[in-house]
Amino acid sequence: MCGIVGYIGSKEAYPILIKGLKRLEYRGYDSAGVAILNDSLNVYKKKGKVNDLIKSIGESNTQGKTGIGHTRWATHGIPDDNNAHPHMSGSERLVIIHNGIIENYSTIKIWLESQGHTFKSETDTEVLIHLIEEIQEEGGLLIEEAVRLALTKVVGAYAIAVIDRLDPNKIVAARKSSPLVVGIGEGEFFIASDATPIVEYTNQVVYLDDNEIAVVSIEEGLKVMNIKKEIQIPLIHEIDLKIEAIEKEGYDYFMHKEIYEQPTTIADCMRGRLNVQEGWVRLGGLSQYKNRISKANRIIIVACGTSWHSGLIAEYLIEDLARIPVEVEYASEFRYRNPIISENDVVIAISQSGETADTLAALELAKRMGALTFGICNVVGSSIARVTDAGSYIHAGPEIGVASTKAFTGQVTLLSLLALSLANEKGTISRSQYQEYITELGQIPAKVKAALSCNERVKEISTKIQNTTNALYLGRGYNFPVALEGALKLKEISYIHAEGYPAAEMKHGPIALIDENMPVFVIATNVSAHEKIVSNIQEVKARKGVVIAVVNEGDKILEKIADYIIEIPSTLEPFTPLLSVIPMQLLSYHIAVMRGCNVDQPRNLAKSVTVE
Ligand code: F6R
């Protein structure tokens, strides 16, 4: 994560940087900073929010028409003033902001230390700016050439912006695997992680590609080269001035874009928290309370809607892996039913917006009754995030589509990390199981990407069932909450009545609904329940129901029985929901579009439910 912003032109840079940082704050929240160039290079940085930075800067000198700013999500080094960006080189001639991770920073650091460099922070970023300076001084090079050569020695991901005090009329920016946009105004340039800080000044932008380096200067304009020093012709995009439109990035609906963002958002959620090579899971928000949570009498999860479905998956995960009893409650019921809560309980609130009134009230009740409270939110600085004793953000980025998609998979990812972390703390899984789960979690972003390739198949099936008035969703074990989530997605954006059920419960009532007009979606990817699911499908087929089964690739048995199958990659059972929900999301999306519904703004709904 982390948000970066830069400005060079005829206006004062500071207000532009601060406004940009506020727009980018969803990308990082633990510290912020700016560097402004006038006669000298003034760097201001502060732990906390952009507002904390503004307060700490106070009346200090912020004059200057060139500057860079950063809002951080810590990876290397705790969130404090020292580790906040920007970072300066040893001689304080150069300054850098960085989004990403320099994976080989420790090797480079050892070498730089042998050359006499000393460091003020624990960050990988400070190592990079020292490397750039070392290369620049060694060869008497222009800053852009020193940046380029330094990047040839770097392994990892970065979006960076660099200023050289002795070459003051330019900013050098570069990217690999982290987004970077250059805005072209009238005699001015902007640099940012996304277009939101830029759109109010210009609609001309260039999206840098991986391994590209841009130099923006008032005299010489924008120059782009690649890491091999080959000049690139920048492709200028004209963007719609509405912020919403640029955030759709070519998709017709935010929901569609957000579905496709999931390989990235899941990876973002795991970044800095899961290390496959070294075999660990670490949740910063948990560290202070890990012992207390792992020894809790029980964990109570409060949430609403899709977030409640994530909570149900957490019940399976935490009980299965960490052996702690879990109860999952609708926040709206919990708060009014005089619940029994003790000081040995832990109450976890799950909420994308962090503002849902019932969840917030349930949490406040639990707090009053002495429970430890833990928040899992997407929106940084939201009420739930502020009210809880501890918590973790899912880092899914702004979710604008009313139907929650990437927030759901972000929540389930975070809850998987939580369950693994607690299981390791309690010793309820062996070292080899722990490693096996970690390795598989590391594969999930790539598997979600592969699962998304079922899109055309899902679209084809959607055309056949778009006119149905009812649908049934069935799943067992880890896939039961996915059945509920599939049904909710269809209901809320397509206005088709749908119900989710545990597959075995069907014969206790809903089976009466089944006839040749009833599509029955069966989520059948959990291997341990496969035979039982096959029996449930046979029961539906015997009553002429139309079965659409989501199966693991190569499932020959269900291929023969179901009317339609949708294949997705297989995974370890606890992580099944992260993949099996993908076709459910796509299905509701396509059916809604085919029925002419407004996917992003379904009737009667709102994104953040701040009233009871
Ligand atoms: C469904 C959906 C809602 C929310 C619910 C809770 O797609 O988005 O059901 O999940 O309103 O919202 P948060 O998670 O913001 O508390």
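Predicted model: local features only at pLDDT ≥ 70, side-chain atom pairs only at ≥ 80, totals over all residues.
Residues are numbered from 1 along each chain as its sequence is written, and side-chain values use heavy atoms, with hydrogens and water left out.

View 1. Buried here means under 20% relative accessible area, exposed means over 50%, and partly exposed lies in between (1.4 Å probe, protein chains only). Strand E7 covers residues 156-164, and nine of its nine residues are buried. Helices (H or I, at least four residues) and strands (E, at least two) are DSSP runs, numbered from the N terminus. In a regular strand the side chains alternate between the two faces of the sheet. Strand E6 (residues 94-102) runs antiparallel to E7 and is joined to it by nine bridges; two strands pair if DSSP finds at least two bridges between them. Ile102 stands opposite Gly156 in E7. E7 also pairs with strand E8 (residues 170-176) in the antiparallel sense, over four bridges, and Ala161 stands opposite Ala173 in E8. E7 and E8 form a hairpin with five residues between them.

**View 2. The open antiparallel sheet of eight strands.** The strand order is E3-E2-E4-E1-E10-E9-E11-E15, and the pairing is antiparallel. Strands E3 (41-47) and E15 (237-238) stand at the edges, each with a single partner strand, so one side of each is left without a neighbour in the sheet. Strand E9 (residues 181-185) pairs with E11 over three bridges in the antiparallel sense, and Val181 stands opposite Tyr207 in E11.

View 3. Seven of the seven residues of strand E20 (residues 345-351) are buried, so E20 is largely enclosed by the rest of the structure. Asp345, Val347, Ala349 and Ser351 point one way from E20, whereas Val346, Ile348 and Ile350 point the other way. E18 pairs with E20 in the parallel sense over five bridges, with Ile348 in E20 as the bridge partner of Ile301. E20 and strand E21 (residues 372-377) pair in the parallel sense over six bridges, and Val347 stands opposite Thr373 in E21. Together with helix H12 (residues 357-368), E20 and E21 make a right-handed β-α-β unit. A crossover is right-handed if, with the strands pointing away from the viewer, the path from the first strand over the helix to the second runs clockwise.

**View 4. The crossover from E18 through H10 to E19.** Strands E18 (residues 298-303) and E19 (residues 326-330) run parallel and are joined by five bridges. The chain passes from E18 through helix H10 (residues 305-322) to E19 in a right-handed β-α-β crossover. Ile300 stands opposite Glu327 in E19.

**View 5. Two stacked aromatic pairs.** Rings of Phe, Tyr and Trp (its six-membered ring) pair if their centres lie within 6.5 Å; planes under 30 degrees apart count as stacked, over 60 as edge-to-face and the rest as tilted. By this rule the count comes to eight aromatic pairs. Phe190 and Tyr201 are stacked, at 4.9 Å centre to centre with 15 degrees between the planes. Phe190 lies in strand E10 (residues 188-192) and Tyr201 in the loop between E10 and strand E11 (204-207), eleven residues apart. Phe190 is buried, with a relative accessible area of 2%, whereas Tyr201 is partly exposed at 25%. Trp308 and Tyr330 are also stacked, at 3.9 Å centre to centre with 15 degrees between the planes. This second pair links helix H10, which holds Trp308, to strand E19, which holds Tyr330, 22 residues apart. Trp308 is buried, with a relative accessible area of 12%, and Tyr330 is partly exposed at 39%.

**View 6. Helix H14 and the glycine that follows.** The 21 residues of H14 (residues 406-426) should span 30 Å at 1.5 Å a residue, and the end C-alpha atoms are 30 Å apart, which agrees. The expected span is 1.5 Å times one less than the number of residues. In H14, 18 of the 21 residues are buried. Just after H14, Gly427 takes a positive phi of about 70 degrees.
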